[in-house]
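I opened the model today to look up a few things. My notes follow the display.

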Amino acid sequence: MHKTSLLWVSLALVLVVFITACGSAVGDNVVNLDDAVQAGVAATLTKEAWLAGVESARKTSIAGENLSQDDGGEDGTSLILPTSTPQPTGTPTLKPAAEHVQIPGKPKERIDTFLTDFNSKDYAADGFTYGDNFKGNIFERPFTAQEMNYRGAIDIIRVNLKISETWVYVSIFLAEDLPENGEMKYGMELDLDENGRGDYLIQSDLPLSEKWSVDGVQVYTDSDGDVGGKSPMLMDALDPELNGYEVLVFDSGDGDDPDLVWVRRNPDQTNSLQFAFKYNLTGPTGFMWSVWADEGLRAPNYFDYSDRFTNESAGSPYPESPLYPIKGLALVDSTCRSYYGFTPSGKEPGLCP
Ligand SMILES: [Ca+2]
Ligand SMILES: [Ca+2]
Ligand SMILES: [Ca+2]
Ligand SMILES: [Ca+2]
């Protein structure tokens, strides 16, 4: 018994020495119960602080929506909504369409690059959605203004690029089938120097046929480099001087290259259309690209759209937002920017995550 007691005392001493050593190594507040309780309380407080931080960030983000450079006008509509689709101002007379020389064929099997986009169909019946980044010029608004009626044929969900020697084939997939007819435009922006300012805007009417055609296809460029205003792909103060894409360089075959861009319904899928544009349009150093579906503004010289509205006048599709529903900027879906032919640094404006 005596030996056993001695053993226990020795063990206890070893334990005390050990605990003291640990305590001095990792901090005294973890070696006794009181301290442990204090540590637990502190951790709880930290968690509460963290949760409060999250809530505060959420409120800040909603409040941020409210803070804009200007008021949205008394009725909350846009200050500078176009009265009709603005026409480009700096367009020289285009060369009349010549005979076609090169016609696109069937895209190859392999996808070179693609992007995916938020599918709003899941929330369509409830009249709201997520995935909209108004301040970042990436819109998820395939809904009518105010009533929030869903338009699945302008809800982009995926885009594939397949690149051959001559053509870049672009397959755009929508949440619902293409309609028989409609007033929407589909298109894409190309940013050739990866500075966030789009350099070309390709757009087309709804294609009616599965045969490649140049009818209803336009290409615009921005000769004075003001697409995106001060901060490309980021909301700026309203500036009525901006003229966006103001030069039309291709119009249904008119232009220097009668074969520059073609469009068709995707023969393999009824919820898809395809562009084919000449690869030499992008230049040799790679490019960034994003895709548009627009049944609302359809105004090349209002790009970037996020520079043309206040938060209030644009409205919001988020159900929790005080700016809900969408207002001045409606019936439009656009994607983040993907890339091809170069390695992005990660800082390119609008780059897909
Ligand atoms: Ca979408
Ligand atoms: Ca650019
Ligand atoms: Ca901007
Ligand atoms: Ca311009």
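I looked up confidence along the chain: pLDDT, the predictor's confidence in each residue from 0 to 100, stays under 50 over residues 9–78. For these residues the model has 44 contacts beyond four places in sequence, a contact being two residues whose C-beta atoms, placed from the backbone, lie within 7 Å. The mean pLDDT of the protein is 83, and 74% of its residues reach 70 or more.

I noted the ground rules. This is a predicted model, in which local features need pLDDT of at least 70 and side-chain atom pairs count only at pLDDT 80 or more, while totals for chains, interfaces and linings use all residues. Residues are numbered from 1 along each chain as its sequence is written, and chains are lettered from A and ligands numbered from 1 in the order in which they are written.

Is it enclosed or open? Strand 5 is largely enclosed by the rest of the structure, because 7 of its 7 residues are buried (20 or more other C-beta atoms within 10 Å of a residue's own, C-beta atoms being placed from the backbone). Lys185, Gly187, Glu189 and Asp191 point one way, and Tyr186, Met188 and Leu190 the other.

I then looked for the neighbours of strand 5 (strands pair if DSSP finds at least two bridges between them). It pairs antiparallel with strand 6, residues 200–205, over 6 bridges; Tyr186 has Ser204 as its bridge partner there. Strand 12, residues 287–294, also runs antiparallel to strand 5, joined by 7 bridges, and Asp294 is the partner of Lys185.

Last, I listed what Phe275 touches beyond four places in sequence: Val170, Met188, Ile202, Ser204, Val261, Trp262 and Val263.

Technical notes. A residue is buried if 20 or more other C-beta atoms lie within 10 Å of its own, exposed if 12 or fewer, and partly exposed in between; C-beta atoms are placed from the backbone. Helices (H or I, at least four residues) and strands (E, at least two) are DSSP runs, numbered from the N terminus.
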